[in-house]
Amino acid sequence: MSGAVEIRVRGQVQGVGFRPFVWGVARRFGVSGWVRNDAEGVLIGASGGQVDAFVAAIRGEAPPLARVDAVEVVEVEGAFAGPFEIVASGGAGAETRVTPDAAVCDACLGEVMDAGDRRFGYPFANCTHCGPRFSIISGLPYDRAMTSMARFPMCEACRAEYEDPADRRFHAQPVACADCGPRVWLEPEAEGDPIAEAAARLRAGQILAVKGIGGFHLVCDALNAEAIATLRARKQRPAKPLAVMAELETIERYALMNDWGREALCDPAAPIVVLEEGEARLPSGIAPGQGMVGWMLPYTPLHHLLIRAVGGPLVMTSGNLSGEPQVIGNQEAREKLAPIVDGFVMHDRDIARRLDDSVEALTPSGRMVLRRARGQVPGTIPLPPGFEGAPQVVAYGGQMKSAICLIKNGQALLGHHLGELDEALTWDAFVEADADYAALFDHRPEVVAVDLHPEYRATKHGKARADREGLRLEEVQHHHAHLAACMAENGWPLDGGKVVGLILDGTGLGADGTLWGGEVLIGDYHGFDRFAYLKPAPLIGGDMAAREPWRNALVRLDQAGLAQEADRLFGDKPLAMARMAAERGVNAPMSSSMGRLFDAVAAVLGICPDGQSFEGEAAMRLEALARSADGGRVEIPVATVVDGALDPSAMIRDLCAERAAGAKVADLAHAFHQWVARCFADVARTAMAESGAEAVVLSGGCFQNRVLLEMLVDALAGTTVMLHEQTPANDGGLALGQAVIAAARCL
Ligand code: ZN
Ligand code: ZN
Ligand code: FE
């Protein structure tokens, strides 16, 4: 190239230090011209010097938080002269991409820990490569006036950094120091350094609420069993696992680590990463009966300072009242969390929107997102080939694990985890998030996608909006949406042909009006056939069946001809009434749910038969037991599909017989997982042979179970298998599937 070029850079390239990066590269290669942000990303005009090397460096050396989707170069007339310049962007609304919050970078952390630096000990240090973003933005364009930093005018020293293109803090909107930025304090107030005092209180066994990036955490010493028990009692959270924050060296002592685990922990998103227990053990109250602990690294300077002052791992669980969303405001925290905590670590940088910690786990092939929120949202997922002309779509997800998805400009934006929409405050957050995303991303949908279930609040909301605004409404079957979500995030093309979907889930409304959840589908983005399914059983008491595993055990034992065994195991329960309800179909809808079969087997094996203290507890304990078993001690023959239905009755009889013969519960839990994996792998192979489908998709909430996932991947060896990685396999990923199916119907 000899003349001038115009370079278009697309992707996550705004608010991540991309322009100063380009400026630095231009100086290095003696290039003249300019760089600016606009509605499509970053635009560069360049000529002179080593332009080819300049372009190569832009492609290859992008700053840490940038995600470059495309670099397009066209030759243009003329030439530029003089030094390379950063030019102001073209007016309000021109800068379009909002980036996720990022963990403090090494350079900033180095300053915070350096006694000679002006930010020594400052809990809010950040730069263009790190710090809060989505959690502090109230509107666009992304500049300080539109963030919760607006009330902190920069001091001269900070402004000089902010205005110097050679500085790491050039145009870092949240830039701050102790002279001009947010401050931290302790309540009840203390003499001296609030962080040192907070650490002393934690070491003494107190429970503190600590304000972070996306909300408040409840914090205590993770090595103090008594403090953990107190926290659980006060929060009324008897068994749900608690996340732990620690430095990497500490985590390596307590957890089994591999490269993926390290990579996930050290990601700028700083998620909670669920890892198997290692040699050293935390008190059992952290994650009772799980054999796994969710770990995260400190991700703000405040966390680093606190962890270092304490000198050990800290419990960091979300600061909320049972069932409610995490608290984000100072006054709200004082009012709601006072009965749980002994004090507060407060600061005065407001949180613009609640962002829970993201959660990841490791699978046989890498990382898998279990909960998508802080640090990952609003990152986008490029739509697969064939979706280029997709209209703008908004999809409203399900009733549980609610999240909203937007499609625009060939990208899907799966919004942050909101929670269960039955809960009033979560519902408010859902409605707010809908308006919030529409405004932030200048989103004007032509199409609204919702679940088939008419009673989901999200469905009603979407229908009302479509009605009100005259938009096209697309209803999407729940398990078809799970299938499509997994296909989309794996980049399966629009015309890539049919795949087999093993959708093992809780419940969702089926196309025939019954509740589905153990499905073998053959389909694509346009449609599906139900090839096979778990033999249905009644959910006695409707939603109660999801909370009390004995209800599922009863119906599966009765189906297997083991009514007497049910009488023996659950004699203290109202069995006669339950059986009558099942027989007459009174508040006992039929369901092929795999999640409920896990509950049934758990209860048969004596795990949480009476009730679960959190959703998924029985299945998670069953998974942990299966993981602890050596495997192969007990084998249960696979079932075959008859008239489309896979009947678990023989398996239930085998389990009971083995148990009576003295088999260990862990071996039985393992054998059950193996049975599910082998049965569904067999059905998948049959479905592939009959349909010509060339790949298998594993989706639905049951695939958060890594033992099951691993066994199925093994059992399907030799076939192309698609798993969830960036989006949750459970209903947290549902909206993405709805969105792409709705888009496909328009293409
Ligand atoms: Zn930094
Ligand atoms: Zn300052
Ligand atoms: Fe689901």
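Which residue in S19 is the bridge partner of Ile381? In the predicted model described here, local features need pLDDT of at least 70 and side-chain atom pairs count only at pLDDT 80 or more, whereas totals for chains, interfaces and linings use all residues. Residues are numbered from 1 along each chain as its sequence is written, chains are lettered from A and ligands numbered from 1 in the order in which they are written, and side-chain values use heavy atoms, with hydrogens and water left out.

The bridge partner of Ile381 in S19 is Ala412. Strands here are DSSP runs of E of at least two residues, and helices are runs of H or I of at least four, both numbered from the N terminus; two strands pair if DSSP finds at least two bridges between them. S16 and strand S19 (residues 411-414) pair in the antiparallel sense over two bridges, within an open sheet of six strands whose order is S16-S19-S18-S17-S20-S21 and whose pairing is mixed. Because strand S16 (381-382) and strand S21 (472-476) each have a single partner strand, they stand at the edges, and one side of each is left without a neighbour in the sheet.

Strand S7 (residues 208-211) runs antiparallel to S8 and is joined to it by four bridges, with Leu208 opposite Val219, and the two strands form a hairpin with four residues between them. S8 is also joined to strand S12 (residues 314-318) by five bridges in the antiparallel sense, where His217 has Ser318 as its bridge partner.

The zinc ion (ligand 2) is coordinated by the SG atoms of Cys155, Cys158, Cys177 and Cys180 at 2.2 to 2.3 Å, donors being N, O and S atoms within 2.8 Å of the metal (3.2 Å for Na, K and Ca). The site is tetrahedral, with angles of 101 to 118° among its four donor atoms, the criterion being that all angles lie between 85 and 135 degrees. Cys155 and Cys177 are both buried.

Definitions and conventions:
Four donors count as tetrahedral if all angles lie between 85 and 135 degrees; four count as square planar and six as octahedral if opposite donors are over 155 degrees apart and all others between 65 and 115; anything else is irregular. Buried means under 20% relative accessible area, exposed over 50%, partly exposed in between (1.4 Å probe, protein chains only).
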